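Okay, thanks everyone, let's get going.

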Amino acid sequence: MKVQVPMWSHASDSELQFYREMGIRYVSVMFGKDDWDYDHVCRLQERMAGFDLEITDAGSFFVFKNPVIHLGMEGREQAIEQYNAFTRIMGQCKIPIVSLAWQPDGAVRSYRKIGQYTRGSVSGIVDMEELAARKPSHGRVYGEEEIWENFRYFLDWALPVCQETGVKMALHPNDPPAVCVQGVPSLIYNTECFKKAFEMAENSPYLGMKLCVGCWLESGNAFGNLLEDIRYFVQSGKVLAVHFRNLSSPMPYFEEVLLEDGYADMYGIMKALVGSGYDGLISVDHASAGIPEFGGVAGAYGYSTGYMKGLLMAAEMEIGKNIKKRTGAIFGGK
């Protein structure tokens, strides 16, 4: 597996050196609103190469979490063209995966504060009763069919550009994966939704998934059987990246916690990934706010990523896999 870390495009050289010292090579980059033109991306790649780091997938919240696209608002053609422009630039820069998440309000959280299980750190907390009391976030309640038709419309515009550039889209589940949040139906709230999305794309190899362990755990068994789904989607060739995260409990209330503190058996999940033959990207997708004097968010990711790397090594040793780097089809055998 290719362990990666997420970072913003404005990361300092000190942060890059920190990742290098963690033994990380692969990085998922989140770009700002206006810093993903070709020259900016090339300069970032050159700077990262000085630290033996490589961008393996990329996104910009302003591009792929766009309510204009998701809700079919006025101007969506221009918004989709912006998404396609991002894809083309990633293709020019040989970055093989772009992010996709049908979340017009992003990953919705009730609070970002210290919880009962967060060891005194500020973390994401969801209370579905609190979310249910909120007014619709975009002025009205939308229908599920509307959301799916908007997704189909997007695919008609975006998939040809992916095919043209050789760049794949990694679709993330809705977070939290409730049927409807703040008046907006979720596109992906269980495994059947993922299957429907892939069928809508006519099983194009250019639409895959970010298998977010945290989203499966948020729903408990309502999302699907996580261990069975890992095997199914890995063997189907649909998993482009894995997000690795644990929770205090499933909905209706959960706190995002350290990997070793939650209700799920993260080592069992890691063994399922190794045993399925998955050799793609894996990262911790959320972390606490951290302590500024000790690296802040980057420091918090550093701890959780190191813990995850330990689980991966142990799983590979137990299952009898070779720990040496395996050839990855996406990255040309690097």
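N84 lies in helix 5; helices here are DSSP runs of H or I with at least four residues, strands are runs of E with at least two, and both are numbered from the N terminus. N84 is buried, with a relative accessible area of 2%. Buried means under 20% relative accessible area, exposed means over 50%, and partly exposed is in between, with a 1.4 Å probe and protein chains only.

Some housekeeping. This is a predicted model, so local features need pLDDT of at least 70 and side-chain atom pairs count only at pLDDT 80 or more, while totals for chains, interfaces and linings use all residues. Residues are numbered from 1 along each chain as its sequence is written, and side-chain values use heavy atoms, with hydrogens and water left out.

Now, L71. You'll find L71 in the loop between helix 4 (67-70) and helix 5 (76-92), and it's buried at a relative accessible area of 5%. What does L71 touch, leaving out residues up to four places away in sequence? The list is P104, H138, Y142, I147, N150 and V184.

Next up, helix packing. Helix 1 (residues 13-21) and helix 12 (residues 296-319) pack at about 5 degrees, their axes 11 Å apart. Axes are lines fitted to C-alpha atoms, for helices over the stretch in contact, and angles run from 0 to 180 degrees between N-to-C directions. That makes helix 1 roughly parallel to helix 12. For the labels, under 35 degrees is roughly parallel, over 145 roughly antiparallel, 65 to 115 roughly perpendicular, and the rest oblique. On the helix 1 side you have E15, F18 and Y19, meeting A298, G299 and G302 in helix 12.

On to charges. How many salt bridges does a search of the whole structure find? It finds 18, where a salt bridge is a side-chain nitrogen of Lys or Arg within 4 Å of a carboxyl oxygen of Asp or Glu.

One is E218 with R109, whose closest N and O atoms are 3.6 Å apart. That pair links distant parts of the chain: E218 is in helix 9 (residues 213-219), R109 is in the loop between strand 4 (97-101) and strand 5 (111-114), and they're 109 residues apart. Are these two buried or exposed? E218 is buried at 0% relative accessible area, and R109 is buried too, at 8%.

Another is D175 with R245, at 3.4 Å, N to O. D175 sits in the loop between strand 7 (168-172) and strand 8 (180-181) and R245 in the loop between strand 11 (239-243) and strand 12, so the pair ties together parts 70 residues apart in sequence. D175 counts as buried at 3% relative accessibility, and R245 counts as buried at 2%.

The last one is R152 with E149, the closest N and O atoms being 3.7 Å apart. R152 and E149 are 3 residues apart in helix 7 (residues 144-165), which means about one helical turn between them. R152 is partly exposed at 37% relative accessibility, and E149 is partly exposed at 36%.

Now the backbone. Back at D175, a cis peptide bond joins it to P176, with omega about 5 degrees. P176 is in the loop between strand 7 and strand 8. There's also a cis peptide bond from M251 to P252, omega near 25 degrees, and P252 is in the loop between strand 12 and strand 13.

And what about positive phi? Q182 has phi near 55 degrees, and it isn't a glycine. Q182 lies in the loop between strand 8 and strand 9 (184-185) and counts as buried at 13% relative accessibility. E202, also not a glycine, has a positive phi of about 55 degrees. E202 is in the loop between helix 8 (191-200) and strand 10 (207-212), and it's exposed, with a relative accessible area of 71%.

That's my tour, so over to you for questions.

How values were computed:
Contact means heavy atoms within 4.5 Å.
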